[in-house]
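Subject: Structure handover

Dear colleague,

I am passing on the structure below, together with some notes on what I found when going through it. Please read them alongside the coordinates.

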Amino acid sequence: MFKTSAVVAITDEKCVGCQRCVSVCPSDALAMNGRLAVLDEPRCVGCFKCVEACYPYNAISITASPNPTTLTVPEDDYEQPSVDDLCAKARYAPDAMVCLCTGTTAAEIAAAIVDGVHVPEDLALETGVRAKCGMWCLQALCACSTHTAYRWSAPRRTTASIPTAAAPTSASGRFRTRSPTSTPNTGSRKTWPPWKTERS
Ligand code: SF4
Ligand code: SF4
């Protein structure tokens, strides 16, 4: 969920056509029209990444949004079995917060994907995810999209790609990053990680 409170405006006279703003916009709200950047205002989520990108030229200003909106997926949509199924495949609890900046949950992302969102830019518009740091949510987005008809990125290894049978677990059943059968931790830094050699 992300609440928009402002939109941006471009001053044509100051725009030098560098395209920096276009490349950082998470919701595809900016495009080039010849030498000038143009804004598709309904697609702007008010993240201000373009304002930062245009800092040298100061061609983008912030204005209060005439229609503040909340970007979120209706909670009723979370209840679908297909949403739970997609969350399970991506190894996220449905109520897990996958975006610390916007508070977006795995269920919101899964529900949007199940609803037909099939590009990351539309997911930002639907849920607000990717509208801030765009870093912590990436693994969840990759994990969810890997299990749908759409693939947003080349296959890559994440913790979600380790088969359950192969994932070492602790006595409590929680995922461990280190096997209990690997080099025992004697408390000495010299024994871990194993590829490091001891200093003489
Ligand atoms: S970053 Fe600024 S100067 Fe560059 S294209 Fe966008 S609006 Fe124009
Ligand atoms: S404020 Fe964010 S969403 Fe709006 S145009 Fe700029 S980069 Fe795109």
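To begin with the helix packing, the crossing of α3 and α4 is right-handed; please bear in mind throughout that this is a predicted model. The axes of α3, which covers residues 81–89, and of α4 come within 9 Å and cross at roughly 115°. On the α3 side the residues that meet α4 are S82, V83, L86 and C87, and their counterparts in α4 are A106, A107, A110, A111, I113 and V114. Sorted by class, this contact has nine nonpolar residues and one polar residue, with no charged residues.

By class, the contact of α4 with α5 has three nonpolar, one polar and two charged residues.

Helix α5 deserves a paragraph of its own. Which of its residues are buried? They are P120, L123, A124, L125, E126 and T127, and since these are six of the eight residues in the helix, which spans 120–127, α5 is largely enclosed by the rest of the structure. As to what surrounds them, the buried residues of α5 pack against β6 (70–71), α4 (106–114) and α6 (138–146). After α5 comes G128, whose phi is positive, near 90°.

Turning to the ligands, 14 residues lie around ligand 1, and those that come nearest are C15, C18, C21, A37 and C54. By class, the shell around ligand 1 comprises 11 nonpolar, two polar and one charged residues. Ligand 2 is surrounded by 14 residues, of which the closest are C25, A29, C44, C47 and C50, and the shell around ligand 2 divides into 11 nonpolar, two polar and one charged.

With best regards

Key. Residues are numbered from 1 along each chain as its sequence is written. Chains are lettered from A and ligands numbered from 1 in the order in which they are written. This is a predicted model: local features need pLDDT of at least 70, side-chain atom pairs count only at pLDDT 80 or more; totals for chains, interfaces and linings use all residues. A residue is near a molecule or strand if its C-beta atom, placed from the backbone, lies within 6 Å of it. Ala, Val, Leu, Ile, Met, Phe, Trp, Tyr, Cys and Pro count as nonpolar, Asp, Glu, Lys and Arg as charged, and the others, Gly among them, as polar. A residue is buried if 20 or more other C-beta atoms lie within 10 Å of its own, exposed if 12 or fewer, and partly exposed in between; C-beta atoms are placed from the backbone. Helices (H or I, at least four residues) and strands (E, at least two) are DSSP runs, numbered from the N terminus. Two residues are in contact if their C-beta atoms, placed from the backbone, lie within 7 Å. Axes are lines fitted to C-alpha atoms, for helices over the stretch in contact, and angles run from 0 to 180 degrees between N-to-C directions. A crossing is left-handed if the near helix is turned anticlockwise from the far one by less than a right angle, and right-handed if clockwise.
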